[in-house]
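Dear colleague,

Please find the structure handed over below. My notes on it follow directly after.

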Amino acid sequence: MMRVVVLMMLVPILVSAGSECKASCRLANISITVESEECRSCITINTTSCAGLCQTQERAYRSPMAPYVQNTCNFREWTYETIQLPGCPAGVDSSFTYPVALSCECIQCNTDSTDCGALSMQPSSCHTFSHY
Amino acid sequence: MILMIKSAGAIILLLSVLIQTGQLYLNNDVTNFGCEECKLKENNIFSKPGAPVYQCMGCCFSRAYPTPLRSKKTMLVPKNITSEATCCVAKEFKRVFVNDVKLVNHTDCHCSTCYHHKS
């Protein structure tokens, strides 16, 4: 019984410590548009991405020795799914393979797999081609 | 008798801990739980009495999503994931010297372009 009480007394300490370190970068459901000029089609698919807040700072003193890193909300683990675009003529690749986030993390943006940029207004509708 | 008193004391302790934990959750903004806004924080290493040095620190929004097909076709090196990020940086600052060390004393912060987020 006393062991349980001691363990429970540690809970607020762990929660407060965790809340200071915890960021809200997490999985998010989004809709993305897939447009193809060759197929003259545009479809909307629902998938899972990452979004949220990450802790960053700009130091008053920039040491040439200490690395200066800004962590942003990125995919940690992901898998791939493939869809078929409708209305594609013969000889045109109708498949579109895209990553689906399995977990997210505040980490450096990996330029091997990711195009790292600034926040922009993401278009969310098919505006050029109609879906046949 | 002593055992009963000990058990009662343990139960009271347990209840107070649970209430304290519950209040911790209630007092925090649920949407930004555990992530303070981007703002000025005093740099304790370089600050002196009467001459504080501040730096920007806090949380900013970022997201990563599958690169749209149209965008992928315009990329020199196509990437499957697109990341858009903002970082907590100084909006206004003053350059100061503290103990002959060149510092940047931030006076205002905002979430803006990241320059050191790529690996």
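This is a predicted model: local features need pLDDT of at least 70, side-chain atom pairs count only at pLDDT 80 or more; totals for chains, interfaces and linings use all residues.

Residues are numbered from 1 along each chain as its sequence is written, chains are lettered from A and ligands numbered from 1 in the order in which they are written, and side-chain values use heavy atoms, with hydrogens and water left out.

Chain A has one helix and five strands (DSSP runs: helices H or I, at least four residues; strands E, at least two; numbered from the N terminus). Their order from the N terminus is α-β-β-β-β-β. Of the 132 residues in chain A, 36% are buried (under 20% relative accessible area, 1.4 Å probe, protein chains only).

Ser103(A) belongs to strand β4 (residues 95-107) of chain A. With a relative accessible area of 9%, Ser103(A) is buried. Heavy atoms within 4.5 Å define a contact; leaving aside neighbours within four places in sequence, Ser103(A) is in contact with Leu27(A), Cys50(A), Asn74(A), Phe75(A), Arg76(A) and Glu77(A).

The second largest pocket is lined by 15 residues (an atom within 4 Å of a point on a 1 Å grid, where a pocket is an open set of points with protein on both sides within 12 Å along at least five of seven lines, for a 1.4 Å probe). Closest to its centre are Glu58(A), Arg62(A), Tyr68(A), Val89(B) and Ala90(B). The largest share of the lining, four residues, comes from β4(B).

Kind regards

Conventions. Buried means under 20% relative accessible area, exposed over 50%, partly exposed in between (1.4 Å probe, protein chains only).
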